[in-house]
Each structure stands twice: as C-alpha cells, then as structure tokens.
Amino acid sequence: MFDFNRLLNWNAAQPSSFDFGRMLNWKILRGSHEFPGPDGGTCVNEAAIVAAGYAYRPVRRIEDCPQSFSRPLALYAMCINEIVLDDRLRAELLMPFVTRLAGSADTPEVERERIALVIRRTMTDILADALDFCGYRREARRCRGVTTLDAAMAIVNQLPGRDWHTRADRSPVNAIAMAIQDYQGHRSVEAAQFAGTVIADLAEIVMLLPGRPDGRRAAEALYRQGAAILAAALKIGRQAPPIAEDVAATRMETAKRAARAHAGAEPARAA
C-alpha cells in the first residue's frame, strides 16, 4: 500500500478560465520545502498559501495549512501532489487549485459531505475504470452503480482479492474500506488520506499489469479523475471567490524574489 505517512514526514477537470500563463514559472513539486526555490517551487498547499497572501510556510503535515483551508480536501490535494511523478502532469492537474484552497474550510458536516462524494466517486469512477482495465468487467459495472457508501462497503467486501497484479494484494480494496470506515467514524481527514491512497495503489497496479503497454496512460487517466473529484468536492459548501490569477502570480513572484535573496544570503559551504 502507498505509504503517505512516509511522504508527510519528508524535511480532467480544471476551471476552463484558468490562465496557466501567469504561473508557469512556479513548479508544483513533490514533498515539503523549507523555502520556495529561487525559480519557484513548492507542493500545491505551499503554493496556495503564498497565492492567498499568507506568509510562506512549509507544509509537512496537514495541520500546517492555514485554518481557512479545508483540511480533508487539502490533504486529498497533497495525496495527488505526491503520487503523480510527472512534473508536467502534476502542474497541469494541481495548479488550478492553488487559487481555490484558501477559504474552503467549512463545518464538520460539510467536510463529511465532501468526503462522501470523494469516496463514492472513487468507487464509481476510479476503481471501476481500474477494474475494467484489469479485465474485471462485472465488478466494474457493480462499482459504477454505487449510490451510497453502505452499498460501496458491501461491494468492496466482495471484490477480488487476487490477480490484481504480480504481488496479488488487496491494497486498494483495503484502502477503500478504511476510507469508508473513517467516514462512518466522522474522521474526514483520515478518510481523505485513504481515498488518495486508493489512486496511488491502482495507478501502480495498472502501470505494472503484464501485457498492457498502455498502463502508464491508464494511470494518468486515474490521476486526472482524482483531480476532477477534488474539483467537484470543492463545489460543495463554502467557497471563497478564486484568487485572481494576476494577484496570485504577483504574490508568487514576490516569494521567488525573496527566495533568491534568501539563497544569496546563505554562507558559502565548505568544499
């Protein structure tokens, strides 16, 4: 199973009006960062902090995000940030959320509603497509028919446990079950983490599936679905107006200049 806790301990859907040109010089990178690189570069939450006008801070755990950020959705975004290995694709999928995370925090009830959507669509979209890709057509159809999380749990308990891939494990199935259990226990942040874990596990499975050279493209499709689910969840409940791209770009450029000055002020290292 994808070990998201290890990453946290490191020292298809995007708004059509989003203007990438204003922020192309900022890189969305894996892991947490002490300070943005001189050319710009942080994880999605760190970039969102800068874009929102907060003082820069590294995000090593979700509690490091400002209180105005939805904790479950910021963690789900962090999951996508870490599991996508291609820098270009990571930027494409996550840069639109840099201007949308600030002001998204809501009541526990709304956060739970958001996570219910994330889990349900993980079943109907992500898991169903992965099952289809692996040849489990009947199970894929059952997943696409899920309308409630009780039904989702019943289906999860009957999903195949072997022949998913060369390791023949149940990691993604177990992760979905854990996400549902955390949702039922009113632990939305933990549920979001397990939902992100599902994407990582399924992407690994489809990429390594024997005899399927198109596995990498299938994994990319799963990542895109994860971003689409995040966009849909952000439409539930409180939504601050997206930060204007020119305002965000100015703040990010200021942070880059500060990073260059910070790097220039560091004493030279001994050879």
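Arg90 and Asp87 both belong to helix 4 (residues 87–94), where they sit three residues apart, about one turn of the helix. Helices here are DSSP runs of H or I with at least four residues, numbered from the N terminus. The side chains of Arg90 and Asp87 meet in a salt bridge, at 2.8 Å from N to O. A salt bridge is a side-chain nitrogen of Lys or Arg within 4 Å of a carboxyl oxygen of Asp or Glu. Arg90 is buried, with a relative accessible area of 1%. Buried means under 20% relative accessible area, exposed over 50%, and partly exposed in between (1.4 Å probe, protein chains only).

The model is predicted; local features need pLDDT of at least 70, side-chain atom pairs count only at pLDDT 80 or more, and totals for chains, interfaces and linings use all residues. Residues are numbered from 1 along each chain as its sequence is written, and side-chain values use heavy atoms, with hydrogens and water left out.

The whole structure contains 16 salt bridges. One of them joins Arg121 to Asp125, at 3.0 Å from N to O. Arg121 and Asp125 are four residues apart in helix 5 (residues 108–133), so about one helical turn separates them. Arg121 is partly exposed, at 21% relative accessibility.

Helix 11 (residues 245–265) holds Glu253 and Lys256, three residues and about one helical turn apart. Their closest N and O atoms lie 3.1 Å apart, in a salt bridge. Glu253 is partly exposed, with a relative accessible area of 29%. Lys256 is buried, at 6% relative accessibility. Elsewhere, salt bridges with shared partners link Asp86, Arg88, Glu92, Glu220 and Arg224 into one network.

Key. Helix = DSSP H or I, 4+ residues; strand = E, 2+ residues; numbered from the N terminus.
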